[in-house]
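Subject: Structure handover

Hello,

Here is the structure you will be taking over. My notes on it follow below.

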Amino acid sequence: MSDRWVSVTDVAEHLGISRDTIYRWIETKGLPAYRVGRHWKLKLADVDRWVRQGGANEAASVLRGSED
């Protein structure tokens with residue numbers, strides 16, 4: 001049960017960010033997620049690894065760069 005599949009809402013709560021950000025990261029930055037029917041499912045271990053490897057930082061730098 002420790003490595004169960006979770007929803008976008010669960011991941012957003014886990015990271016303290018919006019669901020829209022999670023969807024954007026899936027589509028543009030390669031956040032590891034798997035589509036099951038109409039729903040996206042993720043593993044928290046994969047998400048945490050992606051964040052630690054800088055995936056979220058890269059997304060933030062792209063957004064900051066577009067404001068300049």
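How many helices and strands does the secondary structure of the protein chain come to? The count is four helices and three strands. Please keep in mind that this is a predicted model. Along the sequence, the elements of the protein chain come in the order β-α-α-β-β-α-α.

On the strands: β3 (residues 39-43) pairs with β1 (residues 5-7) through three bridges, and the two run antiparallel. In that pairing, S7 is the residue opposite K41 of β3. Strand β2 (residues 34-36) is also antiparallel to β3, again with three bridges, and R35 sits opposite W40 of β3. The hairpin formed by β2 and β3 has two residues between the strands, and G37 there has a positive phi, near 65 degrees.

On the helices: α3 spans residues 44-52, and its residues D46, V47 and W50 are buried. These three lie on the same side of α3, because the arc they cover around the axis is only 100 degrees. After α3 comes G54, which has a positive phi near 95 degrees.

For the chain as a whole, 29% of the 68 residues count as buried. Among contacts with a separation of 6 or more, 48% are between residues 24 or more positions apart.

Regards

Technical notes: Residues numbered from 1 in each chain as written. Predicted model: local features only at pLDDT ≥ 70, side-chain atom pairs only at ≥ 80, totals over all residues. Heavy atoms only, no water. Buried < 20%, exposed > 50% of the residue type's maximum accessible area, 1.4 Å probe, protein only. Arc of directions from axis to C-beta. Pairing = 2+ DSSP bridges. Contact = heavy atoms within 4.5 Å.
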